[in-house]
Amino acid sequence: MSSLARSCPSCHEPIGELTDTERERLAYARWRKRLYQARNITYGAMTLVVVGMILWWLDEPQGLGLPIGTLPGVLLGAGLIVYIASWCWLAWLRFRGNPSKD
């Protein structure tokens with residue numbers, strides 16, 4: 001963030017009059033918000049995987065037989081890719097740790 005900025009570009013809070021403790025609280029709030037977003041993306045991706053599995057199960061021939069249909073395959077593939085990416089993001093956020101503890 002620029003030292004000339006009058007407000008935070010993320011939360012639009014004024015930074016000129018904030019104490020160090022208040023700045024740490026803002027950094028912690030942003031970190032928690034990103035963790036929340038990463039978890040929600042993970043839940044959404046798992047929903048795609050479950051819907052893809054249900055559609056695969058209901059598709060002809062009945063059951064989880066091959067070949068897999070186009071829609072179930074796309075849902076499963078997209079869900080797994082997004083799930084892995086969101087877990088990597090979540091692990092990176094946790095590895096970096098809480099910014100207010102620095």
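The model is a predicted one, and the geometric values given here were computed from its atoms.

Two aromatic pairs are present in the structure. One of them joins Tyr28 and Trp31, whose rings lie 5.9 Å apart from centre to centre with an angle of 40 degrees between their planes, an arrangement classed as tilted. Both residues belong to helix H1, which runs over residues 20-58, and because they are three residues apart in this helix, about one helical turn separates them. The two partners fall into separate classes of accessibility: Tyr28 is partly exposed, at a relative accessible area of 33%, whereas Trp31, at 12%, counts as buried. The other pair is formed by Tyr83 and Trp87, and here the ring centres are 6.4 Å apart and the planes stand at 65 degrees, so that the pair is edge-to-face, given that angles over 60 degrees are assigned to that class. Tyr83 and Trp87 are placed four residues apart in helix H2, residues 70-96, and are therefore likewise separated by about one helical turn. In this pair Tyr83 is partly exposed, with a relative accessible area of 27%, and Trp87 is also partly exposed, with a value of 38%.

A further tryptophan, Trp57, which lies in helix H1, takes part in a nonpolar patch on the surface. The patch is made up of Val50, Met53, Ile54, Trp57, Leu58 and Leu64, and the accessible area of these residues together amounts to about 560 Å².

Helix H2 comprises 27 residues and reaches 39 Å from its first C-alpha to its last, a span that is close to the 39 Å expected at 1.5 Å a residue. Its buried residues are Pro72, Leu75, Leu76, Gly79, Ser86, Leu90 and Leu93, and these buried residues pack against H1. Just after the end of H2, the backbone at Gly97 adopts a positive phi of about 85 degrees.

Terms used
Residues are numbered from 1 along each chain as its sequence is written. This is a predicted model: local features need pLDDT of at least 70, side-chain atom pairs count only at pLDDT 80 or more; totals for chains, interfaces and linings use all residues. Side-chain values use heavy atoms; hydrogens and water are left out. Rings of Phe, Tyr and Trp (its six-membered ring) pair if their centres lie within 6.5 Å; planes under 30 degrees apart count as stacked, over 60 as edge-to-face and the rest as tilted. Helices (H or I, at least four residues) and strands (E, at least two) are DSSP runs, numbered from the N terminus. Buried means under 20% relative accessible area, exposed over 50%, partly exposed in between (1.4 Å probe, protein chains only). Patches are made of residues with over 30% relative accessible area and no salt bridge: like charges are joined within 9 Å, nonpolar side chains (Val, Leu, Ile, Met, Phe, Trp, Tyr) within 5 Å. Accessible areas come from the Shrake-Rupley method with a 1.4 Å probe; for residues, only the protein chains shown count as cover. A salt bridge is a side-chain nitrogen of Lys or Arg within 4 Å of a carboxyl oxygen of Asp or Glu. The expected span of a helix is 1.5 Å times one less than its number of residues. Contact means heavy atoms within 4.5 Å.
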